[in-house]
Amino acid sequence: MSNAQQLMADEKQYVLQTYKRPPFVLDHGEGVYLYDTEGKQYLDFCAGIAVNALGYGDKDVLATADGQAHKLVHTSNLYYTAPMIRLAKKLVERSFADKVFFCNSGTEANEGAMKFARKWARKNFGEGKTEFIAFAHSFHGRTFGALSLTAKEKYRAPFEPLIPGVTFLELNDIAALERAMSAKTCAVILEPIQGEGGIYPAQVEFLQAVRALCDKHHAALIFDEVQCGMGRTGKLWAYEWAGVAPDIMTLAKPLGGGLPIGAILMTDKIGSTIEPGDHGSTFAANATVCAVAEVVFDKISDAKMLQHVNQVGTYLGEKLDALKAEFPTLVKDVRGRGLMWGIDLTLDTNKAVSKGYDKGLILVTAGENTLRLVPPLVIENKHVDEFADKLVAILTEMSQESA
Ligand code: PLP
């Protein structure tokens, strides 16, 4: 048995089986490539599920992690530390927000956002204003609160009952939202571009209507930018494309450069109702992760980086349109923006992903039958060419096998 085979056997024996992992063990990364223990190279179009925006081995990230870890790893939130305060200041200065609460993941960020929206609604508008509106194909996380806002039945059903008072509507259906909102609605939550649910963008007119309806009904508007935020779409925040600002925004994935961090950004309207003791976390805003996040944020929020994402993203979009034209029966639709794209296939996407592994390409699925492309933001046109060549080979094989 090889070392990799032994590790995979041990994983089956000792690790709770909540994931179906492919048959190789990842060992290290460099730039936008991953390498397994056998030395095989993979072009990474998953990036740790939209996390590794700067790819692997960014020198400033490594130096900062090393430097801060030697100085002070963790203190808990009971004390002031400079990295946490500096990061909060940067996030506020570059967004709609006035205040930040740090946590450890996207799920936790949404969990906190729900609590803050409830507290704000209760304090200002009295009892009974506790309900949430979310959308079909949404994904907000796996804990009870965040799961209650997540549409997918498969994720919900085994764990019911979930939090009551959540209504799911079709994304982009303004009339349905007008009918559903009431004095009991405390918040509406949506991803400006839905990720895990299948890369479905919210339309600009819809976002404008949601903003107006939230104002009319005194409901908080929460944007979950855990996946689509921080440069992924070619603007720092996805909401900027619509010119519609939320009251609360949740972040996580790319912020920590691969280390775990989440953040809840909010206006003073919401933040002023939160008091010491209302919420907390032992690990959150750890000095090491915040120091790294500051470097990641500086790099991603740089105008040149955002311009780069737009340029490479446009190139990728053109390649995908060409692919759709080349494989009209296999490729049903392509959607996306910047470096966040979905490709709907008529054949099994899991098969396409596993063929990708054989060809040295890491892909991830989304929704029912969508390939999701969320590569590191630092990929270049030559990587897009390499990706497109590999995908053509995958689709050619799949169409031959299905003929
Ligand atoms: N929200 C969105 C939009 C996500 O894509 C995800 C994760 O995929 C989450 C929340 C949950 O984040 P985490 O897995 O960090 O808890």
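Strand S4 (99–103) gives the most to the lining of the second largest pocket, with four residues. Helices and strands here are DSSP runs (H or I, at least four residues, for a helix; E, at least two, for a strand), numbered from the N terminus. Along with S4, helix H10 (268–271) supplies at least two residues of that lining. The structure is a predicted model, in which local features need pLDDT of at least 70 and side-chain atom pairs count only at pLDDT 80 or more, while totals for chains, interfaces and linings use all residues. Residues are numbered from 1 along each chain as its sequence is written, and side-chain values use heavy atoms, with hydrogens and water left out.

Rolling a probe the size of a water molecule over the atoms shows where empty space is left. On a 1 Å grid over the protein atoms alone, a pocket is an open set of points with protein on both sides within 12 Å along at least five of seven lines, whereas a cavity is a set where a 1.4 Å probe fits but cannot get out; lining residues have an atom within 4 Å of a point. Grid points are joined across faces, edges and corners, and a volume is the space filled by probe spheres set on the points. On that basis, the second largest pocket comes out at about 600 Å³. Its lining is made of 24 residues, and Val100, Phe101, Phe102, Ile274 and His279 are the ones nearest the centre. Sorted by class, that lining holds twelve nonpolar, seven polar and five charged residues. For this sorting, Ala, Val, Leu, Ile, Met, Phe, Trp, Tyr, Cys and Pro count as nonpolar, Asp, Glu, Lys and Arg as charged, and the others, Gly among them, as polar.

Next come the nonpolar cores. A nonpolar core is a set of buried Ala, Val, Leu, Ile, Met, Phe, Trp, Tyr and Cys residues joined through side-chain atoms within 4.5 Å. Buried means under 20% relative accessible area, exposed over 50%, and partly exposed in between (1.4 Å probe, protein chains only). The largest core has 99 residues, and Leu91 and Phe387 touch the most other members. Helix H11 (residues 287–300) is its top contributor, with eight residues. Setting aside residues up to four places away in sequence, Phe387 touches Leu43, Phe45, Leu316, Leu320, Leu361, Leu363 and Leu373, where contact means heavy atoms within 4.5 Å. There is also a second, separate core of 22 residues, including Ala109 and Met266.

Two strand residues show what such surroundings look like up close. Tyr42 sits in strand S3 (residues 41–44) and is buried, at a relative accessible area of 2%. Beyond its neighbours within four places in sequence, Tyr42 is in contact with residues including Phe24, Leu26, Tyr33, Tyr357 and Ile362. Leu169, found in strand S6 (residues 166–169), is buried too, with a relative accessible area of 11%. Again leaving out neighbours within four places, the contacts of Leu169 are Ile133, Ala134, Phe135, Ala136, Ala176, Leu177 and Ala180.

How many disulfides does the model have? The count comes to zero, a disulfide being a pair of cysteine sulfur atoms within 2.5 Å. For Cys214, the nearest cysteine sulfur, that of Cys186, is 10 Å away. Cys214 is buried, at 1% relative accessibility.

Most residues other than glycine have a negative phi, and most peptide bonds are trans. Ser76, in the loop between helix H3 (59–71) and helix H4 (82–93), goes against this pattern with a positive phi near 80°. Ser76 is buried, at 17% relative accessible area. His137 has a positive phi as well, near 70°, and lies in the loop between strand S5 (131–135) and helix H6 (144–148). At 36% relative accessibility, His137 is partly exposed. Glu160 and Pro161 are joined by a cis peptide bond, with omega about 10°; Pro161 belongs to the loop between helix H7 (153–156) and S6. Ser272, in the loop between H10 and H11, is exposed, with a relative accessible area of 53%.
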